[in-house]
Amino acid sequence: MNILVTGGLGYIGSHTCVELLNSNYNVVVIDNLYNSNTKTIENIKKITKKDLKFYLGDVKDKLLLQQIFNENKIDAVIHFAAYKAVGESVAKPLMYYDNNISSLITLLTVMDEYNCKKIVFSSSATVYKETKKLPLKENSDKFAYNPYGNTKLFGEKILEDLYNSDNNYSIAILRYFNPIGSHESGLIGENIFDIPNNLMPYILKVANKELDYLTIYGDNYETHDGTGIRDYIHVVDLAKGHINALEYIKDNTVIDYFNLGTGIGYSVLDVVKTFIKVNNIDIPYKIGKRRDGDIAVNYSDPSYAREKIGFYTTKNLEDMCKDSYKYVLVNKINN
Ligand code: NAD
Ligand code: UFG
């Protein structure tokens with residue numbers, strides 16, 4: 001089976017390419033290298049000892065997509081390509097709507113032209129409305145708090161309308177919780193912005209001595225240690241979830257929604273302390289003010305994904321912390 005992976009050189013995309021190749025799928029990647037580089041192709045090949053086909057370009061480029069569909073019989077698409085920084089989306093909403101929504105529409109238009117009706121879509125836990133009713137289930141209330149969130153919620157709606165117009169489509173919408181970690185080889189991982197927003201990238205910059213200390217945003221939440229709780233999931237477990245989703249839509253014409261998380265919430269301090277313990281490295285931190293827009297606790301109920309598509313996670317917080325740091329160490333050695 002030939003799978004087109006958009007954004008396949010990015011963080012989650014590259015790990016999914018590894019799992020696809022390990023499961024004997026043929027992989028065709030399109031990526032414009034906005035947040036990735038071609039070294040990742042070599043590293044995916046090194047890990048899997050298999051080849052993939054790469055097209056350099058933008059998913060909004062209809063002619064290029066048509067060329068890809070002409071040159072390859074694409075059976076299904078996994079669509080990762082998007083911008084993902086919440087704060088940036090508030091500052092540059094048009095850039096986000098253009099990239100995340102226009103690319104989806106172009107992609108779906110070309111898929112339709114070539115009668116390719118199977119797609120796995122990267123959505124996010126960000127589509128859920130804030131609630132004290134936890135864990136979050138797929139039918140929990142939805143709300144978008146920023147342009148990035150809107151692009152995910154609209155993306156889901158576009159796919160829903162498409163399915164309602166033609167029941168031959170087969171669509172899996174995956175709502176990721178907080179992916180961290182990297183492949184155990186340390187060869188692929190997350191591209192980190194200069195000053196990261198997310199917790200693990202920030203910890204990694206401190207571990208690498210590029211930043212002096214971590215600021216923990218608030219220690220007076222109603223949680224076991226006062227710091228915010230999230231559902232961190234190892235990116236390799238997350239990547240494997242895409243294989244489960246693909247197997248499911250291969251055999252069914254449906255639209256369905258799946259939480260991909262572990263169902264376990266860890267606090268910021270749990271993560272910091274585990275990172276220090278497993279990597280035997282100090283992470284200096286200070287307690288700061290709460291971050292605007294943050295919620296105290298957020299975690300998934302992943303049981304629907306387990307029952308319906310056989311999704312389960314095997315890696316714990318220690319693995320996540322160890323493997324996250326491995327990518328930094330391996331990159332240091334290779335650079
Ligand atoms: P990433 O930035 O590492 O990967 C995205 C890849 O897509 C990059 O390689 C980038 O160069 C490419 N890209 C972006 N726009 C493109 C375009 N128009 N044409 C071609 N290539 C393009 O991001 P990621 O963390 O791997 O996220 C993948 C998907 O998962 C995104 O849709 C993101 O919104 C979603 N998601 C991510 C998280 C997270 O915490 N990482 C959480 C929830 C959802
Ligand atoms: N945190 C710190 N210090 C930091 C960074 C984060 O204390 O420097 C804390 C946050 O306050 C929060 C936890 O670490 O309690 C996790 O924060 P992240 O920014 O890593 O993750 P969020 O859950 O806040 O946000 C993520 C994605 C968003 C998405 C959201 C909801 O980054 O894109 O999940 O799904 F919208």
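Ligand surroundings and helix packing in a predicted model

Around ligand 1 there are 26 residues, of which D31, S36, K84, N99 and Y148 come nearest; a residue counts as near if one of its heavy atoms lies within 4 Å of the molecule. This is a predicted model, in which local features need pLDDT of at least 70, side-chain atom pairs count only at pLDDT 80 or more, and totals for chains, interfaces and linings use all residues. Residues are numbered from 1 along each chain as its sequence is written, chains are lettered from A and ligands numbered from 1 in the order in which they are written, and side-chain values use heavy atoms, with hydrogens and water left out.

Polar contacts are pairs of N or O atoms within 3.5 Å; within protein, one atom must be able to donate a hydrogen and the other to accept it, and residues adjacent in sequence count only if both atoms are side-chain atoms. The side chain of N99 has an N or O atom 2.7 Å from a nitrogen atom of ligand 1. An oxygen atom of ligand 1 lies 2.8 Å from a polar side-chain atom of N35, and a backbone N or O atom of Y34 is 3.0 Å from an oxygen atom of ligand 1.

Ligand 2 has 20 residues around it, and N198, T215, R230, R291 and D294 come nearest. In the side chain of D294, an N or O atom is 2.5 Å from an oxygen atom of ligand 2. Backbone atoms also take part: a polar one of T215 is 2.8 Å from a nitrogen atom of the ligand, and a polar one of Y217 is 2.9 Å from an oxygen atom of the ligand.

The helices come next. Two packed helices are described by the angle between their axes and the distance between the axes. Helices here are DSSP runs (H or I, at least four residues), numbered from the N terminus; axes are lines fitted to C-alpha atoms over the stretch in contact, and angles run from 0 to 180 degrees between N-to-C directions.

Helix α7 (residues 199-207) packs against helix α9 (residues 268-279) at about 35 degrees, with the axes 11 Å apart. In this pair L199, M200, I203, L204 and A207 of α7 meet V268, V271, V272 and F275 of α9, where contact means heavy atoms within 4.5 Å. By class, the contact of α7 with α9 has 9 nonpolar, no polar and no charged residues.

Helix α1 (residues 11-22) and helix α8 (residues 235-251) pack at about 60 degrees, with their axes 8 Å apart.

Methods
Helix = DSSP H or I, 4+ residues; strand = E, 2+ residues; numbered from the N terminus. Nonpolar A, V, L, I, M, F, W, Y, C, P; charged D, E, K, R; others polar.
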